[in-house]
Amino acid sequence: MVNLFKRMRKLKTVSLLNIQIGAGAATFPTASSATKEFPAITRLHLTYARKIYGGHQGARHFWRNCLPRLKYYNPAVPMTVRQTDQQDGPAALTIYFSERASNAATLLAGKVTDEHAPKPSSAETSVVLDIKDLDHKDIWTKVKNMTGAQEIPASAEQQAELQKLEQMRQQGDKDRVRIAAIRQAKADQERMLQEARGEVEKLKQL
Amino acid sequence: MASYSSLLPTAARGILSSCRPALHPSPMATFLPGLQQVRAASQARKKDQKTTAKKKKGPREFKQKDLKDMQQYALCDAMRYLRAFEVGREPTAAKYEVHVRLKTRRDGPVIRNMLRFPHSVQTESRICVVCPPGTRHEKEARAAGAVLVGEQEVFDAVKAGKIEFDRCLCHPDSLEALNKAGLGRILGPRGLMPSAKTGTVVEDIAVRVEMLRGGTVYRERDAVIRVPIGQLGFTPEQLRDNLRATIDQIKKDAAGLNDRITKEVYEVVLSSTNGPGFSLNGEFKSDESPDSAVLQGV
């Protein structure tokens with residue numbers, strides 16, 4: 001197995017901090033925290049095409065960036081993703097509300113239909129959001145407005161950690177330059193010696 | 001100077017030492033003895049290298065890192081993270097894996113075995129059996145659920161490039177025919193070639209097929225055993241049962257190896273197909289972990 005520090009560093013930076021803070025770090029209203037305005041969210045389904053042309057890039061980025069955070073903070077909400085081969089097909093996010101959809105959701109809902117999304121059960125209402133040609137941050141803003149998700153701000157510790165990592169990265173850049181210079185100097189020295197030796201040989205041959 | 005006189009046979013050394021002053025006649029050729037010395041020293045070093053090359057093998061044990069620097073997680077917490085990383089993946093394709101780090105010597109026997117989980121991980125593995133056609137074994141193998149059974153038909157199918165199975169077993173009676181057919185080149189690289197060493201040449205085919213259908217093969221590589229232990233849809237309880245079964249089996253294997261060889265489980269890391277590895281601390285859940293009921297399904 002890889003060295004512990006490498007493992008820890010990677011786990012902390014790439015994984016854990018990244019999954020805890022950023023766009024999508026928010027909790028959906030659950031059955032206990034649902035209000036009249038924003039009913040509880042029961043499921044999410046995302047459909048987009050395999051390639052990015054035709055406006056599917058944002059949808060994929062949403063899956064890559066936001067969905068893991070949403071899943072982390074809402075472990076009980078099933079989230080499914082369907083990747084299709086139909087490039088001109090829809091890029092759609094289907095949100096399932098328990099009982100009835102929120103007013104904001106019905107206002108923002110797109111006119112697309114997503115045949116890959118599972119049918120809502122009798123206790124659910126689904127709203128399809130058209131996310132073609134949208135940036136993943138825009139998609140997240142829309143989803144937030146529709147569902148009334150409560151964003152979780154980064155704690156002081158997490159901020160400090162982020163800062164520390166940023167510092168490390170900067171220091172790493174500096175060190176890389178420094179070490180490259182040292183290595184270059186060493187290589188030059190060696191080359192010079194080699195040349196000098198070559199000259200001695202030549203002199204001997206003469 | 002001792003360095004070069006030590007290289008010579010004792011008799012010669014005696015002679016030399018008697019005429020040693022003659023070797024350093026004058027300070028005139030100051031650079032010469034220096035040169036000699038250097039040469040002698042380098043010779044000595046070379047000889048040293050030769051003798052130590054045999055001895056030098058590096059540490060005998062694998063280096064173990066101190067785990068107190070490692071942040072460790074309860075099973076439910078690790079599952080929560082991993083499920084977030086695997087969001088949107090095919091629930092049957094994405095799997096939980098466990099990496100068991102052992103405390104062991106670099107040489108010596110390794111653990112390799114098969115294990116049957118309380119909750120089956122693979123959906124279904126297709127098994128091929130090579131045995132003499134028309135025998136009792138053939139019937140039994142088919143009854144146990146093998147997909148492809150026979151001798152010549154199997155060889156033909158493999159040679160034609162149709163390998164539609166994940167495991168291959170062989171009956172000792174057919175071993176000779178199998179070796180003659182020269183399938184090692186095709187099956188070998190895929191790890192499908194039956195051999196007595198891997199336990200895929202067996203008498204009681206039917207039992208083995210049964211076992212293989214729900215079983216998983218694992219082996220120790222560089223002191224780590226890596227096994228898939230669950231589908232992403234598993235509940236924490238199911239995963240815990242499988243994990244426990246795995247660790248118990250590994251401990252049993254380690255105990256059964258040899259009296260003189262000790263292997264211990266050093267670290268257990270839970271990972272998944274697309275996720276990072278989380279070192280487990282042995283707890284089922286911590287105070288912050290969510291209810292275990294929500295950690296299942298997609």
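Biologist: Which domains is chain A divided into?
Modeller: Chain A has domain 1 (22-151) and domain 2 (154-206), with bounds that come from an automatic or database domain assignment. This is a predicted model, where local features need pLDDT of at least 70, side-chain atom pairs count only at pLDDT 80 or more, and totals for chains, interfaces and linings use all residues. Residues are numbered from 1 along each chain as its sequence is written, while chains are lettered from A and ligands numbered from 1 in the order in which they are written.

Biologist: How far apart do the C-alpha centres of domain 1 and domain 2 of chain A lie?
Modeller: They lie 48 Å apart.

Biologist: Now chain B. How many helices and strands are there?
Modeller: Chain B has eleven helices and nine strands; these are DSSP runs numbered from the N terminus, helices being H or I with at least four residues and strands E with at least two.

Biologist: And how much of chain B is buried?
Modeller: Of the 298 residues in chain B, 28% are buried. Buried says that 20 or more other C-beta atoms lie within 10 Å of the residue's own, exposed that 12 or fewer do, and partly exposed is in between, with C-beta atoms placed from the backbone.

Biologist: Switching topic: which residues have the most contacts inside the largest nonpolar core?
Modeller: Those are Leu93(A), Ile95(A) and Ile131(A), in a core of 68 residues. A nonpolar core is a set of buried Ala, Val, Leu, Ile, Met, Phe, Trp, Tyr and Cys residues joined through C-beta atoms within 7 Å.

Biologist: Last one: why is Gln87(A) partly exposed?
Modeller: Because Gln87(A) has 15 other C-beta atoms within 10 Å. Gln87(A) is in the loop between strand E3 (79-84) and strand E4 (92-98) of chain A.
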